[in-house]
Every structure is written in C-alpha cells, then in structure tokens.
Amino acid sequence: MRYSGFRVLKEALSGHKGWRPLWRSPDPQPAYDIVIVGGGGHGLATAYYLAREFRQHRIAVIEKGWIGGGNVGRNTTIIRSNYLLDGNEPFYEYSLKLWEGLEQELNYNAMVSQRGIVNLFHSDAQRDAYIRRGNAMILHGADAELLDLAALRREYPFVDFDNARFPIKGGLAQRRGGTVRHDAVAWGYARAADALGVDIIQNCQVTGFRIENGRCLGVETARGHIGAGKVGVAVAGSSSRVMAQAGLRLPIESHVLQAFVSEGLKPVLPGVITFGAGHFYCSQSDKGGLVFGGDLDGYNSYAQRGNLPVIEDVAEGGMALFPGLGRVRLLRAWGGVMDMSMDGSPIIDRTPVEQLYFNGGWCYGGFKATPAAGMCFAHLLATDSPHPTATAYRLDRFARGFMIDEKGMGAQPNLH
Amino acid sequence: MIIDHPLLGPCDAQEFTYKGDACLIDRPEGLGDGAEAAFHDYAYLRDNPAGLHRELWFHEQGDRSWLVVTRNTLTHEIVGVELARDVARSRGRGR
C-alpha cells in the first residue's frame, strides 16, 4: 500500500475503510540469518537497510515492548550534524544526508523539517570555539554559518540579547538541521522493513544469548529460543543489562535525561535554538508546543523519570533566554534512559563474542543518528567491516587510547 | 532525593556531586602485574546494574565528606548510606 495524495483523497471519499496495518505481527520462526535485538529507531533502521541495501534475507527484529516505545519516542526530535571531531562529523553529516531523502525512500511522512538550528555564543572565547567547529563542519561537507547580532535579532527578535550576565554575541547556524516527527521514524522504518520481509516480533523480551565456544548461536526469548546466524544488539538505554547476558561489561553508564513540552502556542520559534551559557535547547513542534530540554539528572538511573531540581534548572535556562515565556505552562515532563559512554561517543562494533554485534553508547545523540546508525550497523552485520563513516566507533578504543571526546570531559559519563 | 548523611542527618541530594560506582574505591595497584589492563577496567568499565547500586556521592556544598550511597536505580529509593572512609578502611585502603 503506497501513500499518495490520490490515495488520501480516495480514502476520504470511501470512509477511510481501505487503510491496513503498517506491519504484520508474525510468530517467530525457529531461526533467522540475522536477529536484531531492539525495535527502536536504530534496530528497525538496521533491519530495513540490511534488507534494502545489503540484500539480506530472513531478518527478525525482536522487541520487549512495542516498537518505538523507548527512546525513539522520548527524545526532543532534533537532527543536526554540528560536531567537531573527525571521528564524529562525517558520520553525523552522512546521517543528515540520509534524513534529507528519508521520506521519499520510505514513502512515509516523517515530517522532516529543516528549519535550522542556532547555537548561541556569549563570549569571545566561545565565538572562537564555534568558528572552529563551523570550519570543521564545512571541511567535512556540512553547512555552517556564523550569525552576527543583527542577523540573530532579525530571526529571533524575542530572545533576551542584553542579558546582564550572559549577553548574546552571536550564533553558529546550521540551516540544514531541524526536527523530525520521532514516532513516524520508527513506524516508517517498520513499515518499509516489513514490506521487505523482515519479521517484527513485539512483546518478546530477550532473556539471554546462546553462546557456545565463543560464538553466538541465537537468543533466548520470552517466546522460546530463536536461532540466528548473526545477532545485532541495538538497545541503547539498556545496553549494559542486555550485554551482561553475554558476559560483557561495557564502558557505559545509564543516566536519565528529562525533556519537556509546553502548552500549544502560536508560531513563535522558527527553528531550534540553544543557550550557550547553560544547558538549554528548544524548538516548537508543529502542534505549537515548545519542546525543550537540558542536562542529565546526573546519577545512574533506569527509572525513565527524573527529579525536580533539574526541571528547575532547565526552566531557569529557558527564562534566561526567553523571559517573555515566563507565563507559559508546562504540559508534560518525561525522562528517557541514556547509554552514557565514557567519552560521549557511540559504539558500533563487533564484540569479543563471535557473531554478536553491538550498537549503543549513544549518550543523548541517538535520534539524529538513526538513519546512519542503521546503515552503518547493517554494513557491519552484512560485510563484517565497518562503514567508512563509522570506523572510529570501536568498542576497544578506550584500551587503545582512541577516545572521541567532543567535550574533553574524560571518563565521567554524567558530564558528556 | 534525600540522602541521610551518617553525621549530618537528612540532606538534599542537590548539595552533593555524583561521582559514580563505588568500585572506584578499589583502585588497582599501579605497579602490580597486569596493571595496564586493571586500570582500563577500573577507569572505563562499569557493571551499571538495574537495581541496587553502590555509588560515591561527594557532599560538596556540605561537610565535603565522601559517602557510599546504596540506591535503587529503578526507583531512586536510597536504602543505605555510609561514610566512604569507613568503607575504604574496611576494604583495606588507606594503609
């Protein structure tokens, strides 16, 4: 069933009785060539690209809940590729390019909106750092633009430019950044993967791996054993828990990150804007709610909810940037569990267990990476070699001394 | 969260800075055999359990003592608080 304007019109005239479920709910087969553990954005994208780009067959995605019920439905929907380091920037730029063609490829409206992102700076030193970052982005083929105060005032006239403590001096803009309807990403990939024959098995928790002589032969699940030629794990947030079943300790801590949405407002924010003197970022959804977030709560957590001090801190950041929004009411606050890695960068790699592959450690940058993470993980699973844009995301980089630490914080996961 | 400090009584967790897993008390011997591998595991690998977690909190805006807090990472419930000094000594550190 393809979506089109004609199809919408036809269904409108026939009482919307022709729509069908977007994916099947098959019973698991005894064995597959490739089993993906985790039916979030990354797992579904991996299955889709395995079937589409790498012509693999007999693929299953196994999800403990329902697909898209984890972090792909809990983030603040921002896409961008404004990274500094060589290990990261080509990967995220590749991801942004995949976002740009995603809806046509999947024939699914994911509401990809390249409304632009602006990182504000408040001091000369911060300006210099952002110029350097912008140059690094341009060198890797991304777009970056330094905005002076006059340009910023034109685009964001309601921001408090003359804040006595942190006056705004300018901003680094990436016009191709923006937002995407996050649930639709999971659903679009699921629908496209299902159409290519991928079995999506929901409400089926993986309870262990069958490992013999150092080789992974399949997974144990709530619905019995499922054999697999290769197993790919994409369960960011629960990586340590799942990989512990294979006897691995990871360079990862799980932390809770809160996000917020306000009541609906008339259009006020044209793009995504981030405060440079604190941790606060904000965009406006197409429904009108301001979607915003800030720092981690800072302690290990699997609770999917945070505490009030961080809510207060984020609200203070928002008030420093937009004093005019002080009367806006908060509609919802929620938390997601982040795989915070030891250098703030992700892992897409083989593991010491043969035929077991791992994708995780996304910190809070996993959503924007969804298409490229899927493509790169599929590349690794299909060819046993890393995708050219993901060669730095090795599991053993900490032992070898090749950390990718954008913020230079060291091995302290709650500071990345 | 309220941390029941062994010396000061209940304190808001906001007064504390979080460090991480209390296994950081068990720093490997720098000159021992296999020190390089031991320090890699010490610095970078974590159990990261879902459930009870023993972890180091620093009372930075209080009496500047280090505490070992036992907390449930699924519910945020705190079930035990000890002075890190006592824990370290009981584990043979600081001699």
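Visitor: How far apart are the mean positions of the positive and negative charges in chain B?
Guide: They sit 5 Å apart, for 11 positive and 16 negative charges. Lys and Arg count as positive, Asp and Glu as negative, with His and chain ends left out; each charge is placed at NZ of Lys, CZ of Arg, CG of Asp or CD of Glu.

Visitor: What should I know about the model and numbering?
Guide: It's a predicted model, where local features need pLDDT of at least 70 and side-chain atom pairs count only at pLDDT 80 or more, while totals for chains, interfaces and linings use all residues. Residues are numbered from 1 along each chain, chains are lettered from A, and side-chain values use heavy atoms, without hydrogens or water.

Visitor: OK, which order do the elements of chain B run in?
Guide: From the N terminus, β-β-β-α-β-β-β-α, so two helices and six strands as DSSP runs (helices H or I, at least four residues; strands E, at least two).

Visitor: And how much of chain B is buried?
Guide: 41% of its 95 residues, buried being under 20% relative accessible area with a 1.4 Å probe, protein chains only.

Visitor: Switching to the largest nonpolar core: which residues touch the most other members?
Guide: A:Tyr49, A:Phe91, A:Trp99, A:Tyr189 and A:Ile348, out of 54 residues. Such a core joins buried Ala, Val, Leu, Ile, Met, Phe, Trp, Tyr and Cys through side-chain atoms within 4.5 Å.

Visitor: Which helix gives the most to this core?
Guide: H9(A), with eight residues.

Technical notes:
Buried means under 20% relative accessible area, exposed over 50%, partly exposed in between (1.4 Å probe, protein chains only).
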